[in-house]
Amino acid sequence: MSITSPSSPAPLVWTEDLSVRFGGRTVLNHVDVAVHPGEVVTLIGPNGAGKTTLVRAVLGLVRPTGGRVRRREALRVGYMPQRLTVDATLPLTVRRFLALWRPVPAARIEAALEEAGVARLADAAVQTISGGEMQRVLLARALLSDPELLVLDEPDQAVDVHGQAELFARIEHVRRHRGCGILLVSHDLHTVMARTDRVVCLNGHVCCHGRPEDVSRHPEYHALFGRHAAELAVYLHHHDHSHDEARRVVDGHDGDCCHG
Amino acid sequence: MDDFVLRALAAGCGIAALAGPLGSFVVWRRMAYFGDTLSHSALLGVTLGFLLGVNPMIGVMAVCVALALALVALQRRRTLAADTLLGILSHGSLSLGLVALAFLETLRIDLMAYLFGDILSVTMTDLGWIYGGGVVALAGLALLWRRLLAVTVDEDLARVEGMPVDALRLAFMLLIALVIAVAMKVVGILLITSLLIIPAAAARRFARNPESMALLASVLGVVAVVGGLMASLNWDLPGGPSVVVAAAALFLIGSVVPMRE
């Protein structure tokens, strides 16, 4: 199964038959995903579906036990983790935090903070800012590498509803102005449907993928996410098939429950 | 002032200056117990040094590095929590050092001097080791400063940015091993960690950035050394423990001083 669209240019990053096992547990099973320049790909799926593991494999933080992760040569990646706490004993301003990762001129730090909408926090101690503000700072940090691919792991988790809308507007702005590809993990179906080019539903394997409007019209989408799926921020993952230990699909499906 | 007092002051101040920045990292990285474990193994290194006929400091460095590597390997297996592993290695290696020492009947060394330091017996050779090792350690730390801070803040982010995280961690352990080797004579292996963490902890409240905390930790360490040494000479107290008591007193004073915001 391939998820690359034939019309698009070469992907920034893609996985080939990627499998990851921790101990005896298969977390990712024969996964193929790709992110192309300028597109937003969102990973959704229940807890323990392997979303974060897939992101970490794409970033090179987890070694595949099968298959591989391939990147465009010299790809510049900006990573925004789920959360980050700096030890209280380390005196560090936001400005200084941003300067730790690569030698950057002060003007670029100001510009990145401006772009993420947190210029006023430049001199605040990183331990004193709120979760939502930290998310913005982490976005600014990811922008400093001038990324071709932005990887955002649940950017909506530490943020309230208002903050989420604003954060996603920022991300959308970044995508439009920089033309970078974005790989996003999200819990929030509502946002996913509004802001995404392609949705990949993960549950160990890729069980569903496609354009959001197509996926949402698909009868199996409702089977997956329930009748009020579009309104649900937190959803239950229903399957019309079951998985055995190795997370292989054991009934009539070949692993794809809906296609866009 | 007598020569031995001047040498003691020079040795203590050199170690305190070195311990400021490195101790700040020990505090930021929450590695106080790790530092303790490494320094407890130093006695084994001293014994090995005598056995092999090399400088005890070389023996200490070698054992510290071996222990650090063993710890990294054990942590990968994730069967025991880090503090349990540290406890096993710390007390295991200290006892092994004591046992090995007992076997060497021909060797007459002053055990108390190694455990609690003997700052008043510092020789010019010791001073050479302290300042030579200190310059190397500080130069190494300055070179790796930004990247070590990045790894301290978040290892995953540092990895994604292409930093050699494992190599940086190993380099930091080597720096700590170097400090332990040269500081052993001054404060003793049981008290080395206190010279690393107490001045740094005392400096935290007054620091606005990592560099000022490191620098202030060095200054406070020097004050503790001078104060402790003077007290030791005046009242005939043990040198190493007096320095540590002075540092702890500075920490206490620092934590009750009112701060203007």
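Which residues of α10(B) meet which residues of α11(B)? The pairing involves B:Leu195, B:Pro199, B:Ala200, B:Ala202, B:Ala203 and B:Arg204 in α10(B), which meet B:Met213, B:Leu216, B:Ala217, B:Leu220, B:Gly221 and B:Ala224 in α11(B), where contact requires C-beta atoms, placed from the backbone, within 7 Å. This is a predicted model, in which local features need pLDDT of at least 70 and side-chain atom pairs count only at pLDDT 80 or more, while totals for chains, interfaces and linings use all residues. Residues are numbered from 1 along each chain as its sequence is written, and chains are lettered from A, with ligands numbered from 1, in the order in which they are written.

**Helix pair in chain B**

- Helix α10 (residues 192–204) of chain B and helix α11 (residues 210–235) of chain B have axes that come within 8 Å and cross at roughly 120 degrees, the axes being lines fitted to C-alpha atoms over the stretch in contact and the angles running from 0 to 180 degrees between N-to-C directions.
- That angle makes α10(B) oblique to α11(B), since angles under 35 degrees count as roughly parallel, over 145 as roughly antiparallel, 65 to 115 as roughly perpendicular and the rest as oblique.
- By class, the contact of α10(B) with α11(B) has 10 nonpolar, 1 polar and 1 charged residues, where Ala, Val, Leu, Ile, Met, Phe, Trp, Tyr, Cys and Pro count as nonpolar, Asp, Glu, Lys and Arg as charged, and the others, Gly among them, as polar.

**Chain B as a whole**

- Chain B contains 12 helices and 0 strands, taken as DSSP runs (helices H or I, at least four residues; strands E, at least two) numbered from the N terminus.
- Its radius of gyration is 18 Å, close to the 18 Å that the globule rule gives for 261 residues, so chain B is as compact as a globular protein of that length; the radius is taken over C-alpha atoms, and the rule is 2.2 Å times the number of residues to the power 0.38.
- Of the 261 residues of chain B, 48% count as buried, which requires 20 or more other C-beta atoms within 10 Å of the residue's own.

**Where chain A touches chain B**

- The contact between the chains takes 17 residues from chain A and 20 residues from chain B, and the chain A side divides into 12 nonpolar, 2 polar and 3 charged residues.
- A:Leu61, found in the loop between α1 (51–58) and β5 (66–71) of chain A, is in contact with A:Arg56, B:Asp156 and B:Arg159, leaving aside its neighbours within four places in sequence.
- With 16 C-beta neighbours inside 10 Å, A:Leu61 counts as partly exposed, the class between buried and exposed (12 or fewer).

Technical notes: Contact = placed C-beta atoms within 7 Å.
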